[in-house]
Amino acid sequence: MRALAAAAIGLAAALAIVLTMTAIGAPSGETSPKPLLTTVPKHP
Amino acid sequence: MRRRASLVLLAFAVFFAALAPLLRWYAYPRLAKIPPSEYQTAVLEAGPATLLDYGTMRPRKVSKVTIVQTLRGNVPAAEKAGKATGRDVVVWDALSYMAGPDGKMVSKIPERYVFDAHSQDPVHAGGEHVDGDAVRRDGIEFKWPFLTEKRDYRYFDAQTRTSAPIHYKGTQTFRGLKVYYFEQTIPWTKVPLPKTMPVKGVTPETVRKAGTSRWYSTKRMFWVEPTTGAPVNGQEIHREELRGGTLLGDRDRVTVFSGHVKMREDFIRHTVDMVKSQRQLVLLLTAYLPWGFLILGMALLALALLLEARGRAARPPSAPAEPTPLSVAGRSV
């Protein structure tokens, strides 16, 4: 019984971490203020 | 004590063993995506090339033609399209700017590409265009999906405004990276004239009225790093002609542009370096962490079972229970 409880705790923790990670996701950021270029850049 | 330790180890074993598939098949498809605020430039050159001199309407050889391609993620437009479609959407506003050897504009084609941030499939949420003409893509453009497969894809051609197969032609090594080589050939096709012409006074309307049309053909080559789906090199053997009408005098066609367009060396180096680092992030979620966690989980499970077995072996066999004297009201009977 205690072994089952330990396994359940491990599984729940893994699910919690993955669900939190995916729910937070990555920030969108903002549109770059840099222009669409009409001159040839010297370097990348 | 051993029993408690084996239970803790078991909990960690299940934690890591469960994390492995969850990361690979649940987290990875949701976390691996193109950020909506991406900004990228690429410079391509064709040298020597043939370019039409609009003054004399005769093609001439030039030392170099440069194409500057800029991609800029439009975050507000992506959020709007995301809300409308319920998907994670990226909107790229792009400009392909071609300059002659004197730096003057040869052509300028803006476009908007709306696509799914995870799969790179086109999303039709309105606003897609090439040079102001509304388009409906059914193929990828600029980038392949993460974990690119060894198969043909449909690739959007901005000049013809249509999608056509781009063929997987084999695996190669490019600057130390394993890449998939793709090739697409667009046969001679009548295409729209650019809205912005390189000479003042000449508009698409005046060219059309003269009965002249623009034709184009290209062989497009991409070397794609398959983990990220990012092209690390691109080339085009590009040809454009004006055909028919009174503008060309007694000729039935003139070359507008002809050249072998290649990515500039410093941009290739920059792209390869960037892709090499991005590749590690994708591999972390698809291979390194899932396999590492699975192996760790199995090792911890083995350790937990070993501890439990030793704990049981060390425990003294339980003695037969002695008859307990009955006690009635605190007195032994």
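**Loops of chain B**

Author: B:Pro48 sits in the loop that links strand 1 (39–46) to strand 2 (49–53) of chain B, where a strand is a DSSP run of E with at least two residues, numbered from the N terminus. The model is predicted, with local features needing pLDDT of at least 70 and side-chain atom pairs pLDDT 80 or more, while totals for chains, interfaces and linings use all residues. Residues are numbered from 1 along each chain as its sequence is written, chains are lettered from A in the order in which they are written, and side-chain values use heavy atoms, without hydrogens or water.

The peptide bond that leads from B:Gly47 into B:Pro48 is cis, and its omega is near -5 degrees.

Further along chain B, the loop between strand 8 (133–134) and strand 9 (153–157) holds B:Leu147, a residue other than glycine whose phi is positive, near 50 degrees. B:Leu147 is partly exposed, at 32% relative accessible area (1.4 Å probe, protein chains only; buried is under 20%, exposed over 50%, partly exposed in between).

B:Arg161 belongs to the loop between strand 9 and strand 10 (162–174) of chain B, and although B:Arg161 is not a glycine, its phi is positive at about 65 degrees. B:Arg161 is buried, with a relative accessible area of 16%.

Technical notes: Helices (H or I, at least four residues) and strands (E, at least two) are DSSP runs, numbered from the N terminus.
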